[in-house]
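Work through the exercises below with the structure open beside you. Try each task before reading its solution.

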Amino acid sequence: MPLNTQPNIENPDAFYQRLVELHQDRSEEQSRLINASLVLLLANHVGDASVLEEAMRIAAQTADQP
Amino acid sequence: MMKTYTYQTLPAEPLADRKSRRPVVVAGAGPVGLTMALDLAVRGIPVLVLDDNNTVSVGSRGLCYAKRPLEIFDRLGCAAPMLEKGVSWKIGKIFRDTELVYQFDLLPEPGHQMPAFINLQQYHLEDMLIARARELGEGLQLHWKHKVVSVQDAGDHLRLGVEAPDGLFTLEAEWLIACDGAGSPIREMLGVPFTGRAFQDRFLIADVLMKAPFPAERWFWFDPPFHRNQSVLLHREADDVWRIDFQLGWDADPVEERKPERVLPRLRSMLGEDTAFELEWVSVYQFACRRLDRFRHGRVIFAGDSAHQVSPFGARGANTGVQDADNLAWKLALVLGGKAPEALLDSYDAERLVAADDNIGHSSRATDFITPKNAASRAFRDAVLRLARDHAFARPLINSGRLSTPTPYPGSPLNTPDTEPFAGRMRPGTNCSDAPVRAGGEDGWLLHQLQGDFVAMVLGGENASEDLDVDGVRCRVLRIGADVEDSEGLIAARYDLRPGTTYLIRPDQHVAARWRAFDTRAIAAALRRATARD
């Protein structure tokens, strides 16, 4: 199964709000830890190496965009 | 400083015969050079070992010896004292702060002669290898305080400049095996590139003599209360000596950190004020992962740290070097005996470069986990360690060093590919799994039956003929059920044997080919391939 990059989250605004709330009143170091944990948990859930590879490729590209 | 070991000064006897051309000169009498020399000597090749020093290893250095090198030492007749003196272990534990987060067992199945690992100080190991070398008589000559200072290729031989206590002389050799360590002077003489990555971290090794309640296990701490924000590794050595590695960071001063006034407080903080201990040896090290582009350079062949260097996490240095020697010795013996072309030596490159890359890969990944390079990788590392306590998925991501296991050679040009399906872990290019056997009314081990020559191992083998001779290369037939008994059924299980199943096994106990029936023509063809003759 390829990486799904079509809208798949039922309530996008609510999800986004939860994501931001995760980092409220957190230090930069704590925030990095939370994000890293989130990536690891979701990556394990996905499992499929080709899907993860595709997600990492797209994620890396965002840093190269102007 | 050392209480448990006294260094002997090894005799710097002058080399009497400087005229005759030597088939093989081994430069360096460390674990790799000595293994190389022993393996050639037991195969009947006269060998001269030259070492620039006159003591065994200063410091415990290479400490952990893995199952496969122990099997090789056993084949060479010197494993027994190592097993007796060494500390056998197989459990590794990883702590974050004070909490156990992960545990591994390196030998989860029974039915193997050798333990997963022993810890044995390198000076003890070298003493045992030297003792074995002396048993082998004139065929194996060891000369201390003799240093190879120049190498000149003369076509069908080499001319070596040797610096000895009584002056400089020239020696002719057909082959030079450079086992002269990570800083290899011979590599410098040849000017061959040795490239890779250096890691920006420093570690303190302290060997401590004490009576301690720790079990014989490998314990690794991330961020313990006694050494905040860094890692610590603990190993038990022989003679109540304990190896403790403290991660120091790149900014640490390697000269200052070696001083007892810096080392002792670190140890007291870890061991408690009430624990009595004495320092045996202290060293500060940093490391790199790098290798040569190829290990054979004409008549000079590199083995061990001179050819490839890794970080110490995973005990992959000496262990893989010993396996280099295991791979090279039988090939060189056949070439010197005129029974295989020099092309066979190129398979040493093909096989051991794969192993070096495997080791460098594991070693670099472990180092990236232990020494994160930036804030993001540190966050991932810390997240893994925190998640691991309650969430099983994170535990296999913890990397405190993946401990040395043999690298198989599935792509080796010496293999004959399977034509029929087999189950299990064995395949062409893997080292042979051990198993219990009964032979001559006594319990023994399969690997003892797979020594010296090529072996055709067949289950049943009623039609198996006498030992084979393939253009001068002997292949012994080993009939499972007739010559030896598969006493616990583990050979059949581990090799997926059915009646008639035949394995062709190399002199270094690796699978070359296998079939479901015993066929001397197929065996001969596979043996020719395994000796680079087709």
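This is a predicted model: local features need pLDDT of at least 70, side-chain atom pairs count only at pLDDT 80 or more; totals for chains, interfaces and linings use all residues.

Residues are numbered from 1 along each chain as its sequence is written, chains are lettered from A and ligands numbered from 1 in the order in which they are written, and side-chain values use heavy atoms, with hydrogens and water left out.

**Exercise 1. Cysteines**

Find how many disulfides the whole structure holds.

Step 1. Apply the rule: a disulfide is a pair of cysteine sulfur atoms within 2.5 Å. The search over all chains finds zero.

Step 2. Check B:Cys78. Its closest cysteine sulfur is in B:Cys179, 15 Å away, so the two are too far apart for a bond.

Step 3. Check B:Cys432. The closest cysteine sulfur belongs to B:Cys475 and is 12 Å away, again too far for a bond.

Step 4. Look at accessibility. Buried means under 20% relative accessible area, exposed over 50%, and partly exposed in between (1.4 Å probe, protein chains only). B:Cys78 is buried at 2%, and B:Cys432 is buried at 1%.

**Exercise 2. Positive phi**

Locate A:Asp25 and B:Asp223, and state how accessible A:Asp25 and B:Asp223 are.

Step 1. Read phi. A:Asp25 has a positive value near 60° without being glycine. B:Asp223, also not glycine, has a positive phi near 50°.

Step 2. Helices (H or I, at least four residues) and strands (E, at least two) are DSSP runs, numbered from the N terminus. A:Asp25 sits in the chain A loop between α1 (12-21) and α2 (28-46). B:Asp223 sits in the chain B loop between β14 (218-222) and β15 (231-236).

Step 3. Classify them. A:Asp25 is exposed at 76%. B:Asp223 is partly exposed at 24%.

**Exercise 3. A covered strand**

Describe strand β17 of chain B and its pairing with β13.

Step 1. β17 covers residues 278-285, and seven of its eight residues are buried.

Step 2. Strands pair if DSSP finds at least two bridges between them. β13 (203-209) and β17 of chain B pair antiparallel over seven bridges.

Step 3. Pick one bridge: B:Asp207 is partnered by B:Trp281 in β17.

**Exercise 4. The interface**

Describe the interface between chain B and chain A.

Step 1. With contact meaning heavy atoms within 4.5 Å, 11 residues of chain B touch eight of chain A.

Step 2. Buried area is the accessible area (1.4 Å probe) that two parts lose on being put together, summed over both. Here the value is about 830 Å², with 86% from carbon and sulfur atoms.
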